[in-house]
Amino acid sequence: MEGSFSRTFAFSETLRMSQTKAIKSALLSVYYKDGLAPIVKRLHELGVTLYSTGGTEKFIRDLGIPVVPVEDITSYPSIFGGRVKTLHPAVMGGILHRRDNQEDLVEAEKFAIPPIDLVVVDLYPFEETVASGANHQDIIEKIDIGGISLIRAAAKNYKDVVIVPGVHNYAKLLAQLAENDGAFTEAERRAYAKDAFQVSSHYDSMIFEYFDGNEMSALKISADKKKTLRYGENPHQEGAFFGDLDSVLEQLHGKELSYNNLLDVDAAMLLIAEFDTPTIAVIKHNNACGVASREKLSQAWEDALAGDPVSAFGGVIVTNRTVDAETAAAIDKIFFEVILAPGYETEALEILQTKKNRVIVKTHPFNHPEKQVRTILNGLLVQDRDSKTDVATDLSTCTALAPSQEEIDDLLFASKICKHTKSNTIVLAKNKQLLASGTGQTSRVDALRQAIAKAKDFGFDLKGAVMASDAFFPFPDCVEIANEAGVSAVIQPGGSIRDKDSIAYCNTHQMKMVLTGTRHFKH
């Protein structure tokens, strides 16, 4: 008996969701008219009564198709400079009254409220207006009131009304009108309603963000473009990217970027943005394992790879210059997952494309978000992005000996890499080449020992090298170990109550040290 009931319920639910309702009337009020004409013509062919106002009404009339002005329903003209057009019980009632509710039907008839079965809206372009740098008053005028109300009303009454909440739905609507002759299932109406609430919530979030400025009085995150990834960090985890990835990365070849690829790509883009001179970096698990700045790009690649040719296997390569054929031929000799560059010479692209799964990406200029967000516990952590890059004017020499210009250049080079390496970290560099780094260690001493060991394993002479630390030295042990390895100059934030101990050791052993006053933890 229980099984029979379940089957009966499932059948009736399926039947309910598949029930169709034909569109007999439609209200159209849109900002962008592109793609609207075929929809209007199809609705007219189906005998649908069209209601509209303002520019959309004129657009329909210019097509030679009859349209009923909203004013004929409301008995009110558009007032207050167009701010009030559709906000009227005759319009909202036509959308919101329930077709299966007898009392609603009686009231609709009593007040001569015609039913509206389809609402097509495209909101004022608020985001675009803000992005254009328009003045405050122009931005305020692009806050849509009537349109957002129509969207919410129609979405709430999705059982009776189809809501098309933006130009991005026009093609889908036209296809369905061609297929179903204006009849929509409840499932189809519900799908449109879901999209409508996404559109309205995103729109309101953008308005709040504009008014909130940098106060961050509340956190509203809204991204309306989803890219489903093969999986997350591991195959048993689902993953997705939300945002306009195509505006930043133009994929020219290879398989789709994975979740882990994107994490490395982000780390690569943040690091390479620090450099103005021709530079190549190799990223592995979000950390640089090779970086070099050279006048010739092929030489930058050779020296970046030398930093850790083992870790470079399967890594992400990034450069801030167009890849030439010579550099591409050298890069082609190793296995790597992704290469990122602002451009590729034709021959270089042909060389790199010889491996089917290799991901080749052309990067486009963009600004990283100023806020960083992470989920923790039962909430979110938010902070400003670390946008501070140490420059020569930030350096304060605290030792008797001052670093040479060549050493200053290397110290700043190492500091840039240090800023983008997982803490605790120590970076060793010389001649604008990453020699080695200690990454993600629980003690700074361990990070230094790891870096020294790696540098020696790959045949580097640390005599005259520089050392960068992401945070201060609580004890002089790090400068002692660095000196014994051959390091000549150190860059660190300073701020320890025992800075004087490290400085004293440097003075005794003819080392140079500069303080920046800025810590660069990265967890």
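Is Tyr 31 buried, exposed or partly exposed? Tyr 31 has a relative accessible area of 33%, so this residue is partly exposed. Here buried means under 20% relative accessible area, exposed means over 50%, and partly exposed lies in between (1.4 Å probe, protein chains only).

The model is predicted: local features need pLDDT of at least 70, side-chain atom pairs count only at pLDDT 80 or more, and totals for chains, interfaces and linings use all residues. Residues are numbered from 1 along each chain as its sequence is written, and side-chain values use heavy atoms, with hydrogens and water left out.

## Overall form

The protein contains 19 helices and 23 strands. Helices (H or I, at least four residues) and strands (E, at least two) are DSSP runs, numbered from the N terminus. Along the principal axes, the C-alpha atoms fill a box of roughly 95 × 60 × 50 Å. The radius of gyration is 31 Å, whereas a compact globule of 523 residues would have a value near 24 Å. This radius is taken over C-alpha atoms, and the globule rule is 2.2 Å times the number of residues to the power 0.38.

Of the 523 residues, 47% count as buried. The accessible surface comes to about 26400 Å², and carbon and sulfur atoms account for 53% of that area. Such areas come from the Shrake-Rupley method with a 1.4 Å probe; for residues, only the protein chains shown count as cover. Among contacts with a separation of 6 or more, 56% join residues 24 or more positions apart. A contact means heavy atoms within 4.5 Å.

## Aromatic rings and charges

Rings of Phe, Tyr and Trp (its six-membered ring) pair if their centres lie within 6.5 Å; planes under 30 degrees apart count as stacked, over 60 as edge-to-face and the rest as tilted. By this rule there are eight aromatic pairs. One of them joins Tyr 31 and Tyr 32, an edge-to-face pair with 5.0 Å centre to centre and 85° between the planes. Tyr 32 is also partly exposed, at 35% relative accessible area. In another pair, the ring centres of Phe 184 and Tyr 192 are 6.3 Å apart and the planes stand at 70°, so this pair is edge-to-face. Phe 184 and Tyr 192 are both buried. Ring pairs also link Phe 126, Tyr 203, Tyr 210 and Phe 211 into a cluster.

A charge sits over a ring if NZ of Lys or CZ of Arg is within 6 Å of the ring centre and within 35 degrees of the ring normal. Two such cases are listed below.

| Charged residue | Ring | Distance to ring centre |
|---|---|---|
| Lys 172 | Tyr 192 | 4.4 Å |
| Lys 220 | Phe 208 | 5.9 Å |

An α-helix has 3.6 residues a turn, so residues three or four places apart point the same way. Helix α10 (residues 170-180) has Tyr 170, Leu 173, Gln 176, Leu 177 and Asn 180 as its buried residues. They cover an arc of only 130° around the axis, which means that they lie on the same side of α10. The arc is that of the directions from the helix axis to the C-beta atoms. On the other side of α10, the exposed residues are Ala 171, Ala 178 and Glu 179. The buried residues of α10 pack against several elements, including β2 (25-30), α2 (36-45) and α11 (186-212). Asp 181, which follows α10, has a positive phi near 55°.

In helix α19 (residues 499-508), the buried residues are Asp 499, Ser 502, Ile 503, Tyr 505 and Cys 506. Their arc around the axis is only 160°, which puts them on the same side of α19. Lys 500 and Thr 508 are exposed on the other side of α19. The buried residues of α19 pack against α18 (477-485), β22 (489-492) and β23 (512-515). Gln 510 follows α19 and has a positive phi, near 55°.

## Two loop residues

Asn 169 lies in the loop between β6 and α10. With 7% relative accessibility, Asn 169 counts as buried. Residues up to four places away in sequence aside, Asn 169 touches Val 164, Tyr 192 and Asp 195.

Ser 222 is found in the loop between α11 and β8 (226-228). At 22% relative accessibility, Ser 222 counts as partly exposed. Apart from neighbours within four places in sequence, Ser 222 is in contact with Gln 198, His 202, Ser 205 and Met 206.
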